[in-house]
Amino acid sequence: MPKAAGKTPGELTGQLSVEDITTMVLCKPKLLPLKSLTLEKLEKMQQAAQDTIRQQEMAEKERQTTH
């Protein structure tokens, strides 16, 4: 490969050579919740539904015992 005046071999081939040491970049750890917000909302809704059912069952038992 002929050398052009004042040009490096990389300039002739179009390749770029960068001499750099690769290092690990540590980023700040992100704390993830153990439960997602959606899961917490669903659990609250389920608990509220179960409480409502219990109240209805107790009210039904009270009506049966009074009649």
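What share of the 67 residues in the protein do buried residues make up? The figure is 0%. This comes from a predicted model.

Start with the overall build. The secondary structure comes to two helices and zero strands. The protein has an accessible surface of about 7300 Å². Carbon and sulfur atoms account for 59% of that surface.

Now turn to the charged side chains. Opposite charges on side chains can pair when the charged atoms come close. How many salt bridges does a search of the whole structure find? It finds two.

Take Asp51 and Arg54. Their side chains meet in a salt bridge, with 3.1 Å from N to O. Both residues lie in helix α2, which covers residues 37-66. They sit three residues apart, about one turn of the helix.

Next come Glu60 and Arg63. Their side chains also form a salt bridge, and here the N to O distance is 3.2 Å. This pair belongs to helix α2 as well. Because Glu60 and Arg63 are three residues apart in that helix, about one helical turn separates them. Glu60 has a relative accessible area of 36%, which makes Glu60 partly exposed. Arg63 reaches 47% relative accessibility and is therefore partly exposed.

Conventions: Residues numbered from 1 in each chain as written. Predicted model: local features only at pLDDT ≥ 70, side-chain atom pairs only at ≥ 80, totals over all residues. Heavy atoms only, no water. Salt bridge = Lys/Arg side-chain N within 4 Å of Asp/Glu carboxyl O. Helix = DSSP H or I, 4+ residues; strand = E, 2+ residues; numbered from the N terminus. Buried < 20%, exposed > 50% of the residue type's maximum accessible area, 1.4 Å probe, protein only. Areas by Shrake-Rupley, 256 points an atom, 1.4 Å probe, with all protein chains shown as cover.
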